[in-house]
Amino acid sequence: MTAAGRQRRETVRMQAAELFEQKIKPPEVARRLRVSLKSAYQWHKLWRDGGVQALASRGPSGSRCRLSPRCLEKLAGYLEQGPAAHGWVEDQVWTAARVATLIGRKFHVSYSVSGATRLMHRLGFSPQVPARRVAERDEQAVTAWKEATWVEVKQPGRSAEATSASRTKPGSPGGRPKDEPGAGAVTPRS
């Protein structure tokens, strides 16, 4: 959450504290401030136990970044250099897994793939789709692959009649092939 968002939420909690001081009950506070009943009751308990200071913002939530601001600047520089400068020469794509590996190599800090993704967003990097096709693309090979290989690889889907929407009940007898045993039979209901 942004600093402005945290400030807005803290302002609402402080308004709730003022209402609690006026002996207004949590359901009415929830209605007036347009917050959930659960929040109003939680705030009331915090206010009752610790006063207005208990409702003050405690800063950003979540774990702190394990890289110092100086290391983050260095990482941004490494990312600007491109993957080839760091050993990934087969293509010019930064993946989250590669960034996590780079962080481990350069800073000796372990990051998960999702953590590396969040860190990249924090640094202003976002997933991009290439603006143009690569010069090395072989259109004839792509067309041949689509016509020959894709047809073989693609698995056919099941027909709608052969499936059942229920996990416990099989498909109705009307959905069975006509030559299957019991296709014409009607199951008695008990």
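A word on the ground rules first. This is a predicted model, in which local features need pLDDT of at least 70 and side-chain atom pairs count only at pLDDT 80 or more, while totals for chains, interfaces and linings use all residues. Residues are numbered from 1 along each chain as its sequence is written, and side-chain values use heavy atoms, with hydrogens and water left out.

**Overall fold**

The protein chain has seven helices and zero strands; helices are DSSP runs of H or I with at least four residues, strands are runs of E with at least two, and both are numbered from the N terminus.

**Helix pairs**

Two packed pairs can be set side by side. Axes are lines fitted to C-alpha atoms over the stretch in contact, and angles run from 0 to 180 degrees between N-to-C directions.

| Pair | Angle | Axis separation |
|---|---|---|
| α2 and α3 | about 125 degrees | 8 Å |
| α4 and α5 | about 125 degrees | 11 Å |

That angle makes α4 oblique to α5, and α2 is likewise oblique to α3; under 35 degrees would be roughly parallel, over 145 roughly antiparallel, and 65 to 115 roughly perpendicular, with the rest oblique. α4 also passes α5 in a right-handed crossing.

In the α4 and α5 pair, C71, K74, L75, Y78 and L79 of α4 meet V99, L102, I103, K106 and F107 of α5, where contact means heavy atoms within 4.5 Å. These residues divide into eight nonpolar, no polar and two charged. Here Ala, Val, Leu, Ile, Met, Phe, Trp, Tyr, Cys and Pro count as nonpolar, Asp, Glu, Lys and Arg as charged, and the others, Gly among them, as polar.

**Nonpolar cores**

A nonpolar core is a set of buried Ala, Val, Leu, Ile, Met, Phe, Trp, Tyr and Cys residues joined through side-chain atoms within 4.5 Å. The largest has 17 residues, of which L67, L75, V99, L102, I103, F107 and L119 touch the most other members. Helices α4 (69–81), α5 (96–107) and α6 (113–122) each supply at least two residues of this core, and its largest share, five residues, comes from α5. A second, separate core of 10 residues includes A16, A17, W47 and L55.

Key. Buried < 20%, exposed > 50% of the residue type's maximum accessible area, 1.4 Å probe, protein only. Left-handed = near helix turned anticlockwise from the far one by under 90°.
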